[in-house]
Amino acid sequence: MRFFILMFWISVINLTLTACGTPNPIPNVAQGSTNSPPANAIPVAPTAPPITATTSNPTPNPLVTLPKLDYLDSLDISQGTLRVVTTEDYDRTIMLDNQLVYKDEDAMLLSLNGKFNIDGKNVILFSGNSGGSGTPHSTYRFITFEGSNYVISEEFDAYLEHEQLPPPQQQGNKIMLQLGRNEGYRIMAIYENGQVTVQGQRLPQTGTAEIEDCENLYSLYTDACIGQSFSDCGIDNSGMYIVRAYNHVQMSGDPRLNFNAFDELCDFSCSKQAQSPLPYAVFSEAVCRSP
């Protein structure tokens, strides 16, 4: 019986194969055929490319942090020696050996701040300051030397004291210099091909302000509003250093800082002739945070 059943199924399989014949080939879609494959066609997975061993290449033009800026009166470059020289008329100049490169008739201070190398060119950062309480921060320019020629960029302002500027960074032929914060923006200068672009990134509108600003304000609060006689109490009655420091933080325009709350706390402490400041946590919650 089993022999007859086996022969029956073999006959059925042979008849099925004969009726089906040779199937039509599936069109090669990858070669641009517009014919759709039969509805009952089984999709064929593409052959994966062979796996080859690779080595990780370094990121092109990595970001490099450079040495911190300095105050220099002279600087050696491939074209000679740059020097800051004061003339008989008290003009501040930059000389390349005996050649005049730059003259500033208004600057009380002029200094060379840093040297960079881009594609074999010497790029020099220098700063000037006219002095006085109205101009606490310096203006900056780049000089690009190429052979016997040089180009001086437009000037741009910094919003930090020179010593507070972070170290510059270089990426390929670009130099980035963080300049501080002003009117609600974080300011950065980008040098490229002899030109300078100044960009601003808006500060966050809510949350906690940067701890450095909050600690500076708390220090001003304890210095100007605590332990003072009534006539000497408050920011306006303090010395120029305190006034400038307060104005500097205010100039940053950080919307998370509440200067009205600061003034109210200071006035209250002055009216009570308080001898002890509020705890920092209380001060910070009132002055340094915006919901």
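Let's start with the helices: are α2 and α3 roughly parallel or roughly antiparallel to each other?

A: They are roughly antiparallel to each other, a label used for angles over 145 degrees, while under 35 degrees counts as roughly parallel, 65 to 115 as roughly perpendicular and the rest as oblique. Before going on, a word on the model: it is predicted, local features need pLDDT of at least 70, side-chain atom pairs count only at pLDDT 80 or more, and totals for chains, interfaces and linings use all residues. Residues are numbered from 1 along each chain as its sequence is written, and side-chain values use heavy atoms, with hydrogens and water left out.

Back to the pair. Helix α3 covers residues 240–251 and packs against α2 at an angle of about 150°, with the axes 10 Å apart. Axes here are lines fitted to C-alpha atoms, for helices over the stretch in contact, and angles run from 0 to 180 degrees between N-to-C directions. The helices themselves are DSSP runs (H or I, at least four residues), and strands are too (E, at least two), numbered from the N terminus. The crossing of α2 and α3 is left-handed, meaning the near helix is turned anticlockwise from the far one by less than a right angle, with clockwise for right-handed. On the α2 side, D213, L217, L220, D223 and A224 make the contact, and they meet I242, A245, Y246 and V249 of α3; contact means heavy atoms within 4.5 Å.

Helix α2 (residues 211–225) has another partner, helix α4 (residues 259–271), packed at about 25° with the axes 10 Å apart. So α2 and α4 are roughly parallel to each other, and α2 passes α4 in a right-handed crossing. L217, Y221, A224 and C225 of α2 touch F259, F262, L265, C266, S269 and C270 of α4.

Now for some strands. β6 (residues 109–118) and β7 run antiparallel, joined by nine bridges; two strands pair if DSSP finds at least two bridges between them. I118 stands opposite K121 in β7. The two strands form a hairpin with two residues between them, and D119 in that turn has a positive phi of about 50°.

S111 sits in strand β6 and is buried, with a relative accessible area of 6%. Leaving aside neighbours within four places in sequence, S111 touches Y71, L72, V84, F126 and S127.

Elsewhere, β2, β3, β4 and β5 form an open antiparallel sheet in that order. At its edges are β2 (74–77) and β5 (99–104), each pairing on one side only. The twist averages 20° from one strand to the next. Four bridges join β2 to strand β3 (residues 80–86), where T81 is the bridge partner of D76.

Key. Buried < 20%, exposed > 50% of the residue type's maximum accessible area, 1.4 Å probe, protein only.
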